[in-house]
Amino acid sequence: MERLAQCHCGSLRAKTSTDPLKVSLCHCRDCQRRTGAVAGSGAVFEKTEVTIEGERKLFERDGADGRKVRFHFCPNCGTSLYWEGDFNPNLCIVAVGAFADPTFPVPLVSVFEQSRHDWFQLPDGMTRAQRGLVSPAAAVDDQPRSN
């Protein structure tokens with residue numbers, strides 16, 4: 001199934017040719033600041049299944065466990081459209097909201113719950129981790145955290 005994600009002004013686009021491998025929510029403070037929302041939501045694709053069109057700028061930062069993460073954003077409107085990282089160089093993560101599709105597949109993974117807003121409710125049955133799933137220190141469980 002082909003899908004189109006685009007920035008706010010439409011000049012940077014990501015075309016995908018398959019359904020995502022995974023859709024996740026990230027509650028880390030960096031994603032909260034990057035998106036201006038309480039969580040970032042990303043759809044994970046094989047890089048070979050994503051075609052990027054348009055000009056973009058790059059912001060690179062240290063991610064979990066010292067690995068680099070590279071965010072690609074529109075130089076006109078500033079939308080952070082997609083990112084990739086050293087955690088798996090074959091993957092491309094596209095911002096779910098940029099698809100502007102209310103029928104997009106539901107997130108099944110919630111990571112960095114250590115900084116999740118207490119009032120943010122998640123569906124039952126999600127895989128949940130206090131840190132990232134690829135982190136060796138991740139404590140994965142299917143139970144809501146207690147404060």
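Predicted model: local features only at pLDDT ≥ 70, side-chain atom pairs only at ≥ 80, totals over all residues.

Me: Where does Arg116 lie?

Reply: Arg116 is in the loop between strand E10 (109-111) and strand E11 (127-129). Strands here are DSSP runs of E with at least two residues, and helices are runs of H or I with at least four, numbered from the N terminus. Residues are numbered from 1 along each chain as its sequence is written, and side-chain values use heavy atoms, with hydrogens and water left out.

Me: Why is Arg116 called buried?

Reply: Buried means under 20% relative accessible area, exposed means over 50%, and partly exposed is in between (1.4 Å probe, protein chains only). Arg116 has 9%, so it counts as buried.

Me: What does the side chain of Arg116 reach?

Reply: The backbone oxygen of Phe120, at 2.6 Å. A polar contact is a pair of N or O atoms within 3.5 Å; within protein, one must be able to donate a hydrogen and the other to accept it, and residues adjacent in sequence count only if both atoms are side-chain atoms.

Me: Which side chain makes a polar contact with that of Glu84?

Reply: That of Lys47, at 2.8 Å. Glu84 lies in strand E8, and its relative accessible area is 13%, so Glu84 is buried too. Leaving aside neighbours within four places in sequence, Glu84 is in contact (heavy atoms within 4.5 Å) with Lys47, Val69, Arg70, His72 and Leu91.

Me: How do you know that Cys28 is in no disulfide?

Reply: A disulfide is a pair of cysteine sulfur atoms within 2.5 Å, and the structure holds zero of them. For Cys28, the nearest cysteine sulfur is that of Cys26, 3.5 Å away. For Cys31, the nearest is that of Cys28, at 3.7 Å. Cys28 has 12% relative accessibility, so it counts as buried; Cys31, at 8%, is therefore buried as well.

Me: What makes strand E4 largely enclosed?

Reply: Five of the seven residues of E4 (residues 40-46) are buried, so the rest of the structure largely encloses this strand.

Me: And which strands does E4 pair with?

Reply: Two strands pair if DSSP finds at least two bridges between them. Five bridges join E4 to strand E3 (residues 22-26), antiparallel, with Ser24 partnered by Gly42. Five bridges also link E4 to strand E9 (residues 91-95), again in the antiparallel sense, and there Phe45 has Cys92 as its bridge partner.

Me: Why are E1 and E5 called edge strands?

Reply: An open antiparallel sheet runs in the order E1-E2-E5, and E1 (3-6) and E5 (50-53) each pair on one side only. E2 (residues 13-16) is joined to E5 by four bridges, with Ala14 partnered by Ile52.

Me: What makes something a nonpolar core?

Reply: It's a set of buried Ala, Val, Leu, Ile, Met, Phe, Trp, Tyr and Cys residues joined through side-chain atoms within 4.5 Å. The largest one has 24 residues, and those with the most contacts inside it are Ala5, Ala43, Leu81, Val94 and Phe99. E9 gives the most, with five residues. Apart from it lies another core of seven residues, including Val109 and Phe112.
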